[in-house]
Amino acid sequence: MGVSSASPAASRSTDAIDLADRKHAWHPFTQMKEYQANPRLHLVRGEGSWLIDTEGRKYLDGNASVWTNVHGHNDPDLNAALEKQLHQLAHVTLLGLNHPVATELAEELAGLTNGKLPRCFFTDNGSNAVEVALKLSFQFWQLTGHPEKRGVISMSGAYHGDTFGTMSVGDNRTFHKRFTPWLFSSQIFDAPRHEECAGKIKFSDATQSLQALENILKSQAEQTASLILEPRVQGAAGMHQQPAGFVKAVAQLCKQYDVHLILDEVFTGFGRLSSLTACAEEGVVPDFLCLAKGLAAGYLPLAATLTSEKIFEAFQGEFSEGRTFFHGHTFSGNPLGCAVALASLKKLRPMISSGQIAERAQQLGDEIQNNFSNHPNIASYRQYGLTGAVDFKPADGEAKAWTVDMRVGYQIALAARRHGLVIRPLGDSILFVPPISIQPSEVTHLVQAVRRAMDDVIPNL
Ligand SMILES: *Cc1c(COP(=O)(O)O)cnc(C)c1O
């Protein structure tokens, strides 16, 4: 098989695709030695919540194609919106130019905060949406006579992306520790701690966390530009929750100490927590709101950073004043992505208001509890909205401790494929992040497939 073979991928045999993948690919967040030693999966088609491989086998998309998918794959309405735009204009830059689909989407997104964050800065992925918020905040304080406000506060377990700025405000040793010599330092306060069973987190579980935050603000607010938070659920940390009222309390502290609040809703937006945004649900308007993953429904890379008129105003001036925000990505606000995002929002609103998503979320919580509570190999489990996690452990009194190289979560995820499910592990945990449009029978399939995979793997460790 020649490298320059012109045959379309779909018509190649699985073996041929496999061979070329082994030869040329370097997959993200993947130990390639391990990847090559295990069965590989080449997905060629999607239908609703399902993915179909080169051999015609079907798998439920249990991580919503890395937390992005809203209406399922191959959705006729989104397909039509995409196709319509495709025949108009596939791409044009927003650098000093405009296309009306971006305008229409910016108007829609302003509605997410009742017009309180009317300014929309488009980019093309979640890391960039966060980079923009950080840089806008830094530049705002410079432009308004406070160059000393340079620091950033973030919460333990935070994940905001993999670029240098976002790694600097993240708190993930496995992913980012080796790059620390190149990162700027940030202040980290402890996340709320709680007993991790579905629905049990109370506001009082956050008292220490809020106290720790206030202590940092008391001593350092004058040197601090912003605080960044994933509201309600920290996804990459393992779906760890904050109680209702926590985001509001953080927002009040930020206001009191004159520090910008950046809410990273790259994961939590667009139905994931049964709402359009977690901040609106919490009655909070941040200074910056970062959106990506579900924005274009899992179809195309699109991101946005929303901010207030006050922040925007500070950047106005004659060119020679140097107030311009010099930041932009080639595919910022791509028209195809904007067209799909508009169609997605139109479909998503009634799914939220009818209570359909909240019902599925409740079902997910119930099924996780039914399948995993009181099991000797379950350390904890949790669910909020359409997010969930189970953490596995050796049974009490078991002679053998689990080592990192046993790859328990990964083995369970591989075994789940045999039960018709693709899902991602995190250490010794499995994360549940289905498409927002998942059907009741599919929620059952999702949770049961993980349970069966666990029963296949753990007794044979
Ligand atoms: C995924 C994620 C990001 C990074 O988004 P990318 O599009 O992968 O760059 C940032 N913040 C949160 C909360 C995320 O879940």
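Trainee: Which helix is included in what covers the buried residues of α1?

Mentor: This is a predicted model, where local features need pLDDT of at least 70, side-chain atom pairs count only at pLDDT 80 or more, and totals for chains, interfaces and linings use all residues. Residues are numbered from 1 along each chain as its sequence is written, and side-chain values use heavy atoms, with hydrogens and water left out. Helices here are DSSP runs (H or I, at least four residues), numbered from the N terminus. Cover goes by contact, heavy atoms within 4.5 Å, and what covers the buried residues of α1 includes residues 32-37, helix α2.

Trainee: Which residues of α1 are buried?

Mentor: Buried means under 20% relative accessible area, with a 1.4 Å probe and protein chains only. Helix α1 runs over residues 14-24, and its buried residues are T14, A16, I17, D18 and D21.

Trainee: Which residues are around the ligand?

Mentor: Being near takes a heavy atom within 4 Å. The shell divides into four nonpolar, five polar and three charged residues. The members are W67, N125, G126, S127, Y159, H160, G161, E230, D264, V266, F267 and K293.

Trainee: How far is the side chain of D264 from a nitrogen atom of the ligand?

Mentor: A polar contact is a pair of N or O atoms within 3.5 Å. On the oxygen side of the ligand, S127 has a side-chain N or O atom 2.6 Å from an oxygen atom, and a polar side-chain atom of K293 also lies 2.6 Å from an oxygen atom. For D264, the distance from a side-chain N or O atom to a nitrogen atom of the ligand is 2.7 Å.

Trainee: How much of the ligand's accessible area does the protein cover?

Mentor: Areas come from the Shrake-Rupley method with a 1.4 Å probe. On its own, the ligand has 380 Å² of accessible area, and the protein covers 83%.

Trainee: Where is H99, and which residues does it touch?

Mentor: H99 sits in the loop between α4 (76-86) and α5 (100-110). H99 is buried, at a relative accessible area of 3%. Leaving out residues up to four places away in sequence, H99 touches L89, V92, L94, G333, N334, P335 and C338.

Trainee: How many disulfides does the whole structure have?

Mentor: A disulfide needs two cysteine sulfur atoms within 2.5 Å. C338 is buried at 0%, but its sulfur is too far for a bond because the closest cysteine sulfur, in C120, is 7.9 Å away. C279, buried at 1%, has its closest cysteine sulfur in C290, 11 Å away and too far for a bond. Across the whole structure, the number of disulfides found is zero.

Notes. A polar contact is a pair of N or O atoms within 3.5 Å; within protein, one must be able to donate a hydrogen and the other to accept it, and residues adjacent in sequence count only if both atoms are side-chain atoms. Ala, Val, Leu, Ile, Met, Phe, Trp, Tyr, Cys and Pro count as nonpolar, Asp, Glu, Lys and Arg as charged, and the others, Gly among them, as polar. Buried means under 20% relative accessible area, exposed over 50%, partly exposed in between (1.4 Å probe, protein chains only). Helices (H or I, at least four residues) and strands (E, at least two) are DSSP runs, numbered from the N terminus.
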